[in-house]
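Trainee: Before we start, I would like to go through the terms used for this structure and ask what each one rests on.
Mentor: Then have the structure in view while we talk.

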Amino acid sequence: MNVRPDFSKSANMAETAPAFLSVYDMHSYYGESYIVQGVSFNVHEGEILALLGRNGAGKTTTLRSIARLDDPQVNQGEIWLDHQPLHLMKAHQASIAGLGLVPEDRRIIPGLTVEENLQLAQIAPPIGWSLDRLYDLFPRLGERRKQEGITLSGGEQQMLAIARALARDIKVLLLDEPYEGLAPVIVDEIEKTLRHVKEQGMTTVIVEQNAVRALQLADRAVILDTGSIVFDGTAAEVLENEALRSEYLAI
Ligand SMILES: Nc1ncnc2c1ncn2[C@@H]1O[C@H](COP(=O)(O)OP(=O)(O)OP(=O)(O)O)[C@@H](O)[C@H]1O
Ligand SMILES: [Mg+2]
(Lines give C-alpha, C1' and ligand atoms only; values in the text may rest on other atoms or scores of the structure.)
(Ligands and ions follow the chains in the order given, each with its own letter.)
Protein backbone atom coordinates (compact mmCIF):
# COMPACT_ATOMS: atom_id res chain seq x y z
CA MET A 1 0.00 0.00 0.00
CA ASN A 2 1.30 3.42 -0.91
CA VAL A 3 1.07 6.00 1.85
CA ARG A 4 2.91 9.26 1.53
CA PRO A 5 1.21 12.66 2.27
CA ASP A 6 1.82 15.01 5.20
CA PHE A 7 3.94 17.37 3.11
CA SER A 8 4.74 19.35 6.22
CA LYS A 9 7.17 21.62 4.37
CA SER A 10 4.42 23.17 2.25
CA ALA A 11 3.17 26.61 3.22
CA ASN A 12 -0.36 25.79 2.12
CA MET A 13 -0.71 22.78 4.36
CA ALA A 14 -1.01 24.18 7.84
CA GLU A 15 -4.09 22.10 8.69
CA THR A 16 -3.50 19.15 10.93
CA ALA A 17 -6.15 16.75 9.60
CA PRO A 18 -4.70 14.30 7.07
CA ALA A 19 -5.68 15.19 3.52
CA PHE A 20 -7.68 12.88 1.31
CA LEU A 21 -6.56 14.44 -1.97
CA SER A 22 -3.12 16.08 -1.85
CA VAL A 23 -1.52 17.97 -4.68
CA TYR A 24 2.09 18.78 -3.96
CA ASP A 25 4.37 21.04 -6.02
CA MET A 26 2.65 20.20 -9.30
CA HIS A 27 4.03 21.70 -12.53
CA SER A 28 2.15 21.23 -15.83
CA TYR A 29 2.89 22.13 -19.44
CA TYR A 30 1.10 22.17 -22.78
CA GLY A 31 4.11 21.58 -24.99
CA GLU A 32 6.46 24.45 -24.19
CA SER A 33 3.78 26.48 -22.39
CA TYR A 34 4.37 26.40 -18.65
CA ILE A 35 0.91 26.68 -17.09
CA VAL A 36 0.63 25.20 -13.57
CA GLN A 37 3.67 26.55 -11.75
CA GLY A 38 4.22 24.60 -8.55
CA VAL A 39 0.75 24.20 -7.09
CA SER A 40 0.13 22.57 -3.70
CA PHE A 41 -3.20 22.11 -1.93
CA ASN A 42 -5.14 19.66 0.18
CA VAL A 43 -8.73 18.49 0.06
CA HIS A 44 -10.04 16.77 3.16
CA GLU A 45 -12.42 13.86 3.08
CA GLY A 46 -16.04 14.95 2.82
CA GLU A 47 -15.39 18.61 2.12
CA ILE A 48 -16.15 20.78 -0.89
CA LEU A 49 -13.24 22.84 -2.16
CA ALA A 50 -13.81 25.71 -4.61
CA LEU A 51 -10.90 26.16 -7.03
CA LEU A 52 -11.24 29.71 -8.31
CA GLY A 53 -9.42 32.30 -10.39
CA ARG A 54 -9.79 34.44 -13.48
CA ASN A 55 -10.05 33.20 -17.06
CA GLY A 56 -6.86 31.43 -18.02
CA ALA A 57 -5.61 31.15 -14.42
CA GLY A 58 -5.06 27.40 -14.86
CA LYS A 59 -8.11 25.86 -13.19
CA THR A 60 -9.02 23.43 -15.97
CA THR A 61 -5.36 22.57 -16.45
CA THR A 62 -5.12 21.76 -12.73
CA LEU A 63 -8.15 19.45 -12.90
CA ARG A 64 -6.87 17.75 -16.06
CA SER A 65 -3.46 17.29 -14.42
CA ILE A 66 -5.04 15.62 -11.38
CA ALA A 67 -7.13 13.40 -13.67
CA ARG A 68 -3.92 12.36 -15.49
CA LEU A 69 -5.25 13.20 -18.95
CA ASP A 70 -2.63 13.11 -21.72
CA ASP A 71 -2.65 16.87 -22.08
CA PRO A 72 -1.21 18.73 -20.14
CA GLN A 73 2.00 16.95 -19.22
CA VAL A 74 2.77 17.01 -15.51
CA ASN A 75 6.55 17.27 -15.35
CA GLN A 76 6.95 17.48 -11.60
CA GLY A 77 4.99 16.97 -8.43
CA GLU A 78 2.90 14.49 -6.55
CA ILE A 79 -0.83 13.83 -6.47
CA TRP A 80 -2.18 11.49 -3.81
CA LEU A 81 -5.76 10.27 -3.50
CA ASP A 82 -6.56 8.26 -0.38
CA HIS A 83 -2.95 7.04 -0.11
CA GLN A 84 -2.70 6.19 -3.83
CA PRO A 85 -0.08 7.96 -6.01
CA LEU A 86 -2.10 9.34 -8.93
CA HIS A 87 1.06 11.00 -10.31
CA LEU A 88 2.30 7.52 -11.22
CA MET A 89 -0.92 6.61 -13.03
CA LYS A 90 -2.52 6.97 -16.46
CA ALA A 91 -6.01 8.46 -16.75
CA HIS A 92 -7.84 5.10 -16.74
CA GLN A 93 -5.91 3.97 -13.67
CA ALA A 94 -6.73 7.23 -11.89
CA SER A 95 -10.38 6.63 -12.75
CA ILE A 96 -10.25 3.15 -11.23
CA ALA A 97 -8.45 4.65 -8.20
CA GLY A 98 -11.56 6.77 -7.61
CA LEU A 99 -11.17 9.96 -9.57
CA GLY A 100 -14.39 11.28 -11.16
CA LEU A 101 -13.91 14.23 -13.52
CA VAL A 102 -16.96 16.01 -14.95
CA PRO A 103 -15.47 18.07 -17.80
CA GLU A 104 -16.80 21.43 -18.85
CA ASP A 105 -18.27 20.10 -22.12
CA ARG A 106 -20.09 17.28 -20.26
CA ARG A 107 -19.29 14.63 -22.92
CA ILE A 108 -22.77 13.09 -23.15
CA ILE A 109 -22.56 10.24 -25.65
CA PRO A 110 -24.71 10.80 -28.76
CA GLY A 111 -27.04 8.00 -29.79
CA LEU A 112 -27.41 6.73 -26.22
CA THR A 113 -30.36 7.31 -23.92
CA VAL A 114 -29.95 8.80 -20.46
CA GLU A 115 -30.04 5.31 -18.98
CA GLU A 116 -27.56 3.91 -21.50
CA ASN A 117 -25.15 6.75 -20.72
CA LEU A 118 -25.35 5.71 -17.05
CA GLN A 119 -25.15 1.99 -17.79
CA LEU A 120 -22.04 2.52 -19.89
CA ALA A 121 -20.34 4.08 -16.85
CA GLN A 122 -21.15 0.89 -14.92
CA ILE A 123 -19.88 -1.53 -17.53
CA ALA A 124 -16.82 -2.37 -15.43
CA PRO A 125 -16.08 -2.11 -11.71
CA PRO A 126 -15.76 -0.21 -9.49
CA ILE A 127 -19.51 0.45 -9.65
CA GLY A 128 -20.92 3.29 -7.56
CA TRP A 129 -24.45 4.55 -7.06
CA SER A 130 -27.26 2.36 -8.47
CA LEU A 131 -29.58 3.71 -11.17
CA ASP A 132 -32.42 3.91 -8.63
CA ARG A 133 -30.28 5.95 -6.27
CA LEU A 134 -29.20 8.26 -9.11
CA TYR A 135 -32.82 8.77 -10.19
CA ASP A 136 -33.73 9.59 -6.59
CA LEU A 137 -30.99 12.22 -6.64
CA PHE A 138 -32.02 13.57 -10.07
CA PRO A 139 -35.75 12.81 -10.58
CA ARG A 140 -35.62 14.62 -13.96
CA LEU A 141 -33.20 11.99 -15.23
CA GLY A 142 -35.55 9.22 -14.13
CA GLU A 143 -38.42 10.86 -15.99
CA ARG A 144 -36.28 11.13 -19.11
CA ARG A 145 -34.37 7.87 -18.90
CA LYS A 146 -35.48 6.65 -22.33
CA GLN A 147 -34.65 9.99 -23.99
CA GLU A 148 -31.44 10.43 -25.96
CA GLY A 149 -28.96 12.13 -23.63
CA ILE A 150 -27.90 14.88 -26.02
CA THR A 151 -31.52 16.03 -26.49
CA LEU A 152 -31.75 17.04 -22.81
CA SER A 153 -31.61 20.69 -21.75
CA GLY A 154 -28.22 22.05 -20.69
CA GLY A 155 -29.10 21.72 -17.01
CA GLU A 156 -30.29 18.14 -17.46
CA GLN A 157 -27.13 17.27 -19.39
CA GLN A 158 -25.10 18.65 -16.49
CA MET A 159 -27.12 16.46 -14.11
CA LEU A 160 -26.46 13.46 -16.36
CA ALA A 161 -22.74 14.22 -16.42
CA ILE A 162 -22.66 14.36 -12.60
CA ALA A 163 -24.82 11.23 -12.30
CA ARG A 164 -22.50 9.40 -14.68
CA ALA A 165 -19.51 10.24 -12.49
CA LEU A 166 -21.36 8.96 -9.40
CA ALA A 167 -22.34 5.77 -11.26
CA ARG A 168 -18.74 4.73 -10.72
CA ASP A 169 -17.39 4.20 -7.21
CA ILE A 170 -15.45 7.43 -6.98
CA LYS A 171 -13.63 8.96 -4.03
CA VAL A 172 -13.50 12.51 -5.33
CA LEU A 173 -15.73 14.44 -7.71
CA LEU A 174 -13.99 17.12 -9.82
CA LEU A 175 -16.45 19.53 -11.46
CA ASP A 176 -15.34 21.98 -14.16
CA GLU A 177 -17.82 24.88 -14.37
CA PRO A 178 -20.97 22.88 -13.65
CA TYR A 179 -23.13 26.03 -13.56
CA GLU A 180 -21.95 27.46 -16.87
CA GLY A 181 -24.77 28.67 -19.09
CA LEU A 182 -27.49 27.54 -16.70
CA ALA A 183 -30.43 29.56 -15.38
CA PRO A 184 -30.28 30.44 -11.65
CA VAL A 185 -33.19 28.11 -10.85
CA ILE A 186 -31.30 25.17 -12.41
CA VAL A 187 -28.13 26.20 -10.57
CA ASP A 188 -30.21 26.04 -7.35
CA GLU A 189 -31.27 22.52 -8.22
CA ILE A 190 -27.73 21.33 -8.98
CA GLU A 191 -26.39 23.04 -5.86
CA LYS A 192 -28.98 21.22 -3.77
CA THR A 193 -27.94 17.85 -5.20
CA LEU A 194 -24.25 18.63 -4.62
CA ARG A 195 -25.07 19.34 -0.95
CA HIS A 196 -26.91 16.03 -0.78
CA VAL A 197 -23.95 14.22 -2.36
CA LYS A 198 -21.69 15.84 0.25
CA GLU A 199 -24.01 14.62 3.03
CA GLN A 200 -23.43 11.11 1.66
CA GLY A 201 -19.72 11.65 2.34
CA MET A 202 -18.41 12.66 -1.09
CA THR A 203 -15.32 14.85 -1.43
CA THR A 204 -15.71 17.48 -4.16
CA VAL A 205 -13.61 20.05 -5.99
CA ILE A 206 -15.66 22.64 -7.88
CA VAL A 207 -14.20 25.04 -10.45
CA GLU A 208 -16.58 27.90 -11.21
CA GLN A 209 -16.63 31.32 -12.85
CA ASN A 210 -19.70 31.94 -10.71
CA ALA A 211 -17.46 32.34 -7.69
CA VAL A 212 -20.13 33.58 -5.29
CA ARG A 213 -22.30 30.52 -5.90
CA ALA A 214 -19.32 28.21 -5.56
CA LEU A 215 -18.23 29.91 -2.32
CA GLN A 216 -21.73 29.55 -0.88
CA LEU A 217 -21.47 25.81 -1.46
CA ALA A 218 -17.82 25.27 -0.55
CA ASP A 219 -16.14 24.77 2.82
CA ARG A 220 -12.77 26.01 1.62
CA ALA A 221 -11.33 27.81 -1.37
CA VAL A 222 -8.08 27.91 -3.28
CA ILE A 223 -7.46 30.81 -5.66
CA LEU A 224 -5.15 30.43 -8.64
CA ASP A 225 -3.53 33.28 -10.52
CA THR A 226 -1.32 32.64 -13.56
CA GLY A 227 -0.69 29.08 -12.48
CA SER A 228 0.18 29.78 -8.84
CA ILE A 229 -1.87 29.68 -5.65
CA VAL A 230 -2.48 33.12 -4.18
CA PHE A 231 -4.99 32.11 -1.48
CA ASP A 232 -5.83 28.97 0.48
CA GLY A 233 -8.41 29.30 3.24
CA THR A 234 -12.07 29.11 4.10
CA ALA A 235 -14.83 30.06 1.70
CA ALA A 236 -16.13 32.51 4.31
CA GLU A 237 -12.77 34.34 4.35
CA VAL A 238 -12.99 34.93 0.60
CA LEU A 239 -16.59 36.14 0.80
CA GLU A 240 -15.56 38.61 3.54
CA ASN A 241 -12.39 39.84 1.81
CA GLU A 242 -13.37 42.45 -0.75
CA ALA A 243 -9.78 43.17 -1.84
CA LEU A 244 -9.10 39.52 -2.55
CA ARG A 245 -12.36 39.14 -4.45
CA SER A 246 -11.81 42.16 -6.64
CA GLU A 247 -8.16 41.42 -7.33
CA TYR A 248 -8.45 37.76 -8.26
CA LEU A 249 -12.11 37.01 -8.89
CA ALA A 250 -13.50 40.30 -10.23
CA ILE A 251 -16.54 40.06 -7.95
N1 LIG B 1 -4.55 22.71 -24.98
C2 LIG B 1 -3.86 23.81 -24.67
N3 LIG B 1 -2.70 24.10 -25.32
C4 LIG B 1 -1.97 25.20 -25.01
N5 LIG B 1 -2.32 26.08 -24.05
C6 LIG B 1 -3.46 25.86 -23.39
C7 LIG B 1 -4.29 24.73 -23.67
N8 LIG B 1 -5.37 24.77 -22.84
C9 LIG B 1 -5.22 25.88 -22.10
N10 LIG B 1 -4.08 26.53 -22.42
C11 LIG B 1 -3.57 27.76 -21.79
O12 LIG B 1 -3.31 27.48 -20.44
C13 LIG B 1 -3.69 28.58 -19.62
C14 LIG B 1 -4.63 28.10 -18.54
O15 LIG B 1 -5.82 27.62 -19.16
P16 LIG B 1 -6.96 26.91 -18.35
O17 LIG B 1 -7.93 26.42 -19.35
O18 LIG B 1 -6.39 25.95 -17.41
O19 LIG B 1 -7.57 28.13 -17.53
P20 LIG B 1 -8.89 28.24 -16.69
O21 LIG B 1 -8.52 28.82 -15.37
O22 LIG B 1 -9.61 26.96 -16.70
O23 LIG B 1 -9.70 29.37 -17.51
P24 LIG B 1 -11.26 29.52 -17.82
O25 LIG B 1 -11.84 30.20 -16.64
O26 LIG B 1 -11.28 30.38 -19.02
O27 LIG B 1 -11.84 28.16 -18.06
C28 LIG B 1 -4.27 29.63 -20.56
O29 LIG B 1 -3.26 30.55 -20.83
C30 LIG B 1 -4.61 28.84 -21.79
O31 LIG B 1 -4.52 29.66 -22.93
MG1 LIG C 1 -11.40 26.34 -17.48
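**Terms and what they rest on**

Trainee: Where does Ile123 lie?
Mentor: This is a predicted model. In it, Ile123 lies in the loop between α3 (114-121) and α4 (131-137).

Trainee: Why is Ile123 called exposed?
Mentor: Its relative accessible area is 68%. Exposed means over 50%, so Ile123 is exposed.

Trainee: What makes Ile109, Leu120 and Ile123 a patch?
Mentor: Residues of a patch have over 30% relative accessible area and no salt bridge, and nonpolar side chains are joined within 5 Å. Ile109, Leu120 and Ile123 form such a nonpolar patch on the surface, with about 280 Å² of accessible area together.

Trainee: Why is Glu177 called buried?
Mentor: The relative accessible area of Glu177 is 8%. Buried means under 20%, so Glu177 is buried. This residue is found in the loop between β7 (172-176) and α7 (184-199). Glu177 also has a positive phi of about 50° although it is not a glycine.

Trainee: How do you know that the buried residues of α3 are on the same side?
Mentor: The buried residues are Val114, Glu115, Asn117, Leu118 and Ala121. They cover an arc of only 160° around the axis, and therefore lie on the same side of α3. Their cover includes α4, α5 (139-143) and α6.

Trainee: What is the largest nonpolar core made of?
Mentor: The core is a set of buried residues joined through side-chain atoms within 4.5 Å. The largest has 49 residues, and Leu141, Leu166 and Leu173 have the most contacts inside it. Helix α6 (residues 154-166) gives the most to this core, with 7 residues. A second, separate core has 28 residues, including Val39, Leu63, Ile79 and Leu86.

Trainee: What is Leu166 in contact with, leaving aside its neighbours within four places in sequence?
Mentor: With those set aside, Leu166 is in contact with Gly128, Trp129, Leu134, Leu137, Val197 and Met202.

Trainee: What are the omega values at the cis peptide bonds from Asp71 to Pro72 and from Pro125 to Pro126?
Mentor: Omega is near 0° for the bond from Asp71 to Pro72 and near 5° for the bond from Pro125 to Pro126. Pro72 is in the loop between α1 (59-66) and β4 (73-81), while Pro126 is in the loop between α3 and α4.

Notes:
Residues are numbered from 1 along each chain as its sequence is written. Chains are lettered from A and ligands numbered from 1 in the order in which they are written. This is a predicted model: local features need pLDDT of at least 70, side-chain atom pairs count only at pLDDT 80 or more; totals for chains, interfaces and linings use all residues. Side-chain values use heavy atoms; hydrogens and water are left out. Patches are made of residues with over 30% relative accessible area and no salt bridge: like charges are joined within 9 Å, nonpolar side chains (Val, Leu, Ile, Met, Phe, Trp, Tyr) within 5 Å. Accessible areas come from the Shrake-Rupley method with a 1.4 Å probe; for residues, only the protein chains shown count as cover. A salt bridge is a side-chain nitrogen of Lys or Arg within 4 Å of a carboxyl oxygen of Asp or Glu. Helices (H or I, at least four residues) and strands (E, at least two) are DSSP runs, numbered from the N terminus. Buried means under 20% relative accessible area, exposed over 50%, partly exposed in between (1.4 Å probe, protein chains only). Contact means heavy atoms within 4.5 Å. The arc is that of the directions from the helix axis to the C-beta atoms.
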